[in-house]
Amino acid sequence: MKVKRKTLLLLACLVWGVAGFNVLRIGLVAYGPYVTVLNLILSAVVFVLFQQFVFGKLVKKHTARINGYQEERHFFLKFFDKKAFMIMAVMMTGGIGLRISGLAPERFIAVFYTGLGASLLLAGLLFGCNYGKALLAADTENREA
């Protein structure tokens, strides 16, 4: 169950990418009757805030941690630390609970989930870029050796 260090970046890419795609899809499906300039701006604000203060930092932190590992092979779930898994669990539980409870109006789901999902998806794509960079770096090292 151990994978190469750079594969941890690919796993993070897949997990956050799939999560982001699904959340974004939920938001976009709900958006139809609520498309207004104000709502689009609010979705963009949600995106920027989550990217700036949560997911952008998360990608940098975990990429640096993974790249700093000395050993080549690691347990496949080490693409995140306990705190990141807790963040994911709280967000999933809260999001599902919010939708099932009916406490949040459909407009909120549309606006918030679209911004959040886009930010999550971008985090996944950034992990994918970091995986690509790790592959290129390894290829360059192999050529020089």
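Me: How many residues line the largest pocket, and which of them lie nearest its centre?

Reply: A pocket, on a 1 Å grid over the protein atoms alone, is an open set of points where a 1.4 Å probe fits, with protein on both sides within 12 Å along at least five of seven lines, and lining residues have an atom within 4 Å of a point. In this predicted model, local features need pLDDT of at least 70 and side-chain atom pairs count only at pLDDT 80 or more, while totals for chains, interfaces and linings use all residues. Residues are numbered from 1 along each chain as its sequence is written, and side-chain values use heavy atoms, with hydrogens and water left out. Here the largest pocket is lined by 17 residues, and Val23, Met91, Met92, Gly95 and Ile96 lie nearest its centre.

Me: Which elements give two or more residues to that lining?

Reply: Helices are DSSP runs (H or I, at least four residues), numbered from the N terminus. For the largest pocket they are helix 1 (5-31), helix 3 (82-101) and helix 4 (106-144), with the largest share, 8 residues, coming from helix 3.

Me: How do the residues of this lining divide into nonpolar, polar and charged?

Reply: Ala, Val, Leu, Ile, Met, Phe, Trp, Tyr, Cys and Pro count as nonpolar, Asp, Glu, Lys and Arg as charged, and the others, Gly among them, as polar. The lining of the largest pocket has 13 nonpolar, 3 polar and 1 charged.

Me: Which residues line the second largest pocket?

Reply: Its lining consists of Arg5, Lys6, Asn67, Glu72, Ala134, Ala137, Ala138, Glu141 and Asn142, with helix 4 giving the most, 5 residues. By class, this lining has 3 nonpolar, 2 polar and 4 charged residues.
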